[in-house]
Amino acid sequence: LFVPVLTLVTSNASTETHRNKMRRKLSGTWQINTALSLNGRSELPVNLDSPSRSSLTRSTDLWTHVESEPVVTELLDASELLEIIRHGKEITMNAIGSPDVVLTRTVYTDGRWSEQRFGSGNSAMSRARWEDEKFIIETVTTGGLRATETYELNANGSLLAVSVQIENPLWDQPLFIQRVYDRVY
């Protein structure tokens, strides 16, 4: 009876060690890989609001709404460099590239909410968590917009995939963005 319990504990400890190792690997400097990234500003879905409108009208309405939501604008504008720094239960991200991209934000990995400032001073609330080897940030604005970012490393830690799902009560479907970054440091 005692031996299987020890094997189970050893297995759980090994899994936890692997998770911590992958979490540490998230820290570093990342360069956008444009060849592997999808959904820039020019590739927005056109039917994010009423399907009864023409695609040109929907696209125009979407951009009017997008420009009024700095959170969406900043998520659409891929940062060329992404620096991720882990300090215990805090992760700080510095985004460099577009003038619309948020320069610095810090989130807590223990589920606490933190206020984020975007572009024109608008704020939103974010919270982060680990789900196995995925790092997930949820951001909610006062206008009801919800963005979910998922950060996931490849097996050797050389590529970082960032998936973003943006939902708005006014849209009939979410917007998806996929970015891939190469490790620089």
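In this predicted model, Trp130, Phe135 and Tyr151 form one aromatic cluster. The structure holds two aromatic pairs. One of them joins Trp130 to Phe135 in a tilted arrangement, with 4.9 Å from centre to centre and 45° between the planes. The other brings together Phe135 and Tyr151; this pair is tilted too, at 6.1 Å centre to centre with 50° between the planes. Phe135 belongs to strand E7 (residues 134–141) and Tyr151 to strand E8 (residues 146–153), so their pairing ties together parts that are 16 residues apart in sequence. As for accessibility, Trp130 and Phe135 are buried, and Tyr151 is buried as well.

Arg105 is placed in strand E4, which spans residues 104–108. Is this arginine buried or exposed? Arg105 counts as buried because its relative accessibility is 8%, below the 20% limit for that class. Beyond its neighbours within four places in sequence, Arg105 is in contact with Ile91, Thr92, Met93, Gln116, Ile137, Thr139, Glu149 and Tyr151. Tyr151 is therefore a member of the aromatic cluster and a contact of the buried Arg105.

Which ring does the charged end of Arg112 sit over? The ring is that of Tyr108, and the charged end of Arg112 lies 3.9 Å from its centre.

How values were computed. Residues numbered from 1 in each chain as written. Predicted model: local features only at pLDDT ≥ 70, side-chain atom pairs only at ≥ 80, totals over all residues. Heavy atoms only, no water. Helix = DSSP H or I, 4+ residues; strand = E, 2+ residues; numbered from the N terminus. Buried < 20%, exposed > 50% of the residue type's maximum accessible area, 1.4 Å probe, protein only. Contact = heavy atoms within 4.5 Å. Phe/Tyr/Trp six-rings, centres within 6.5 Å; stacked < 30°, edge-to-face > 60°. Lys NZ or Arg CZ within 6 Å of the ring centre and 35° of its normal.
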